[in-house]
Amino acid sequence: MPVSNVSQPYAAITLGSNSFNMLVAQTVGHKPTVIAKYKRKVRLAEGIGDDGYLSEDVMLRGLDCLAMFASMLEQHHIASDNVAVFATATLRVINNADEFHRRALPILLHPIEVISGLREAELIYQGMVATTQGDGRRLVIDIGGASTEFIIGDGSKVLFKTSVPMGCVLFNQRFFNQYPLQNIDFEQAIEYVNVMMSEHLEQLLLLGWQAVLGASGAVQSVVSVLQHRQCSAIITQQTLLAFKAEILAQHDASLAGINGLDPEQAPTFAAGVAILIALFESLSINSLHLAGGALREGVLQLLADRIAAKQLDKE
Ligand SMILES: Nc1nc2c(ncn2[C@@H]2O[C@H](COP(=O)(O)OP(=O)(O)OP(=O)(O)O)[C@@H](OP(=O)(O)OP(=O)(O)O)[C@H]2O)c(=O)[nH]1
């Protein structure tokens, strides 16, 4: 590292199923410090057709965002080696992922690495550890647009991790696409979560935990509404059931009557609440706190470590 103890800038780009993000950071005294953030709610998972292909208009939405990231990389003078581009669930599953890569490369000028659900889970956990105080055994649940990761760890050691192909954008299309919503929509979504979780429950419950942390959009939107109403930011089953009742009382997809809900978060709010209700029930969770960070911070830490190791080699 230069004498100033500040590293060269680096950029972590994550292409999620709900949104694309880019964090630009520098390591200051061993810790990544974010100097700029760019994001767009691309909602990539929304474009997956029944045939498993990503639609042209949603692909263009994604490519357009990559063009914006490319110009920001140039503006911040980020060296090519200091960029990591990781994609998650949607690019893992679509049949025309090759086409996306082929069209993205000349725009972004960096290859996109599609990471496995398990690698994503590991990065989420490390991102949480780097940003969230606390100790003891912790369960981290990251409900994304198209996949949900579960990780149990102690300190920086991961004891169990898994990735389940269910998420808010997918649930929104499948169970919550006709307003006003009905109780049965929630019941069907909850039943689906239970089926998807059945093979993981035993191992999760056997390991157990002392605290539960939620990462990602679904948890963040519930917490923002609570904070807006000046309520405790700790999520309980009671809070979630009250939100379900509020959602059922709404007439249309804008959920405009839910005081404190950001319109950007409305499209995935019901799905997030339903997934959380199901998980609280099946895992007997009493309370859940928002994690300080997740995948994005995990990728930043990875880049910071990589750059520090390279620097050491040079010295
Ligand atoms: N720190 C951190 N927060 C995360 C991360 N992933 C999600 N979040 C939080 O969740 C919000 C919604 O993010 P999305 O990208 O839509 O996430 P997901 O729904 O998980 O879908 P995905 O499948 O990952 O695309 C974010 O708001 P904003 O993007 O407006 O960010 P900020 O709070 O900084 O304004 C963050 O608050 C992460 O890796 N790190």
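## The shell around the ligand

Three nonpolar, 12 polar and five charged residues make up the shell around the ligand. The structure is a predicted model. In total, 20 residues surround the ligand, and the closest are S19, K37, K39, G145 and E297.

Which helices and strands supply at least two residues of this shell each? They are strand β3 (31-40) and the helices α7 (216-228) and α10 (295-314).

An N or O atom in the side chain of K41 is 2.8 Å from an oxygen atom of the ligand. For R296, a polar side-chain atom also lies 2.8 Å from a ligand oxygen atom.

The backbone takes part as well: a polar backbone atom of A294 is 3.4 Å from a nitrogen atom of the ligand. On its own, the ligand has 730 Å² of accessible area, and the protein covers 79% of this.

## Helix α10 and its partner α4

Two packed helices are described by the angle between their axes and the distance between the axes. Helix α10, which supplies residues to the ligand shell, packs with helix α4 (residues 117-131) at an angle of about 85 degrees. Their axes are 6 Å apart. Angles from 65 to 115 degrees count as roughly perpendicular, so α4 is roughly perpendicular to α10.

On the α4 side, the residues in contact are R119, E120, L123, I124, G127, A130 and T131. On the α10 side they are L295, E297, G298, V299, Q301 and L302. The residues of this contact divide into six nonpolar, four polar and three charged.

## Helix α7 and its partner α9

Helix α7 also supplies residues to the ligand shell. How do the axes of α7 and helix α9 (residues 266-282) lie, and what is the angle at which they cross? They come within 9 Å and cross at roughly 100 degrees. The two helices are therefore roughly perpendicular to each other.

In α7, the residues A218, V219, S221, V222 and V225 meet F269, G272, V273 and L276 in α9. Seven residues of this contact are nonpolar and two are polar, with no charged residue among them.

## Two backbone features in loops

Most residues other than glycine have a negative phi, and most peptide bonds are trans. R43 has a phi near 45 degrees, a positive value in a residue that is not glycine. R43 is found in the loop between β3 and α1 (56-75).

The peptide bond that joins Y179 and P180 is cis, with omega about -5 degrees. P180 is placed in the loop between α5 (168-175) and α6 (183-207).

Technical notes: Residues numbered from 1 in each chain as written. Predicted model: local features only at pLDDT ≥ 70, side-chain atom pairs only at ≥ 80, totals over all residues. Heavy atoms only, no water. Near = heavy atom within 4 Å. Polar contact = N/O pair within 3.5 Å; in protein donor to acceptor, adjacent residues only side chain to side chain. Areas by Shrake-Rupley, 256 points an atom, 1.4 Å probe, with all protein chains shown as cover. Helix = DSSP H or I, 4+ residues; strand = E, 2+ residues; numbered from the N terminus. Nonpolar A, V, L, I, M, F, W, Y, C, P; charged D, E, K, R; others polar. Axes fitted to C-alpha atoms, helices over the stretch in contact; angles between N-to-C directions. Parallel < 35°, antiparallel > 145°, perpendicular 65-115°, else oblique. Contact = heavy atoms within 4.5 Å.
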